[in-house]
Amino acid sequence: MTVLPAPLSASRPVSRTVPPAAYHVGLFALIHRQGTYLMVRPRQPLLPDSPWSPPGLLLGAGTGQGLAEQQLRRTLLSQLSLAVGDFRLAGSHAGRPDRQGQGAQLHLIFATEYASGLVNPQASELRGAEWLTPDELRARGVPAWVLDATALQTDIHKDARGARRPFWRRPCLT
């Protein structure tokens with residue numbers, strides 16, 4: 001917490017404290033590659049429901065100098081050494097303040113395709129990273145709202161007959 005100086009007109013010193021942030025915004029990348037999705041185990045969990053999450057970040061007071069997608073792209077490069085394609089908003093989840101008094105949360109999931117790089121999780125920030133199928137995601141206890149976003153992406157990647165579409169024939173979600 002930050003302590004603010006006392007007002008100049010105060011007869012005795014008074015300090016006021018600024019409450020913690022009223023909300024957090026999470027930005028996550030749902031990275032798809034050959035029927036699997038990349039999930040990470042951050043050292044400091046990003047989601048209250050599970051130790052596993054899509055790679056991403058929570059925006060705080062010092063972050064947000066650029067667009068959300070730029071921040072997410074930088075995070076993927078620095079934490080995992082991965083480059084990805086264009087982002088499409090694939091899902092969102094809003095949560096109320098938790099028991100510890102943390103502010104309300106808004107999580108945005110951006111779907112993208114793997115472009116290049118070898119998964120190289122930075123040990124200072126991540127405990128691990130794995131490419132997981134949707135069934136494996138369920139078994140690992142990934143939150144339901146992340147599973148919903150993967151289901152939407154799976155439907156987008158298939159044509160009317162249920163066959164996988166090549167990436168250049170997939171519709172953009174705008």
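**S50**

I started with the backbone nitrogen of W52, which sits 3.0 Å from a polar atom of the S50 side chain in this predicted model. I count that as a polar contact (a pair of N or O atoms within 3.5 Å; within protein, one must be able to donate a hydrogen and the other to accept it, and residues adjacent in sequence count only if both atoms are side-chain atoms). The S50 side chain also gets to the backbone oxygen of G141, at 3.3 Å.

Next I looked up where S50 is: in the loop between β4 and β5 (56–59). Strands here are DSSP runs of E, at least two residues, and helices are runs of H or I, at least four residues, numbered from the N terminus.

Is S50 buried or exposed? S50 is buried, because its relative accessibility is 5%. My cut-offs: buried is under 20% relative accessible area, exposed is over 50%, and partly exposed is in between (1.4 Å probe, protein chains only).

Leaving out residues up to four places away in sequence, I found S50 touching R140, G141, V142 and P143. Contact means heavy atoms within 4.5 Å.

Residues are numbered from 1 along each chain as its sequence is written, and side-chain values use heavy atoms, with hydrogens and water left out.

pLDDT is the predictor's confidence in each residue, from 0 to 100. The protein chain has a mean of 75, with 67% of its residues at 70 or more. Confidence is highest in strand β4 (residues 36–42), at 94, and lowest in strand β1 (residues 3–4), at a mean of 40. Residues 18–22 have pLDDT below 50, and this stretch has 6 contacts in the model beyond near neighbours in sequence. Residues 61–66 also stay under 50, with 4 contacts beyond four places in sequence.

**R73**

I then went to helix α1 (residues 68–80), which holds R73. R73 is partly exposed, since its relative accessible area is 34%. Which backbone oxygen does the R73 side chain reach? I found that of G85, at 3.3 Å. Beyond neighbours within four places in sequence, R73 contacts V84, G85, D86 and F87.

**L89**

Last, I checked L89 in strand β7 (residues 88–95). L89 is partly exposed, because its relative accessible area is 47%. From its C-alpha to that of F28, I get 9.8 Å.

Methods
Predicted model: local features only at pLDDT ≥ 70, side-chain atom pairs only at ≥ 80, totals over all residues.
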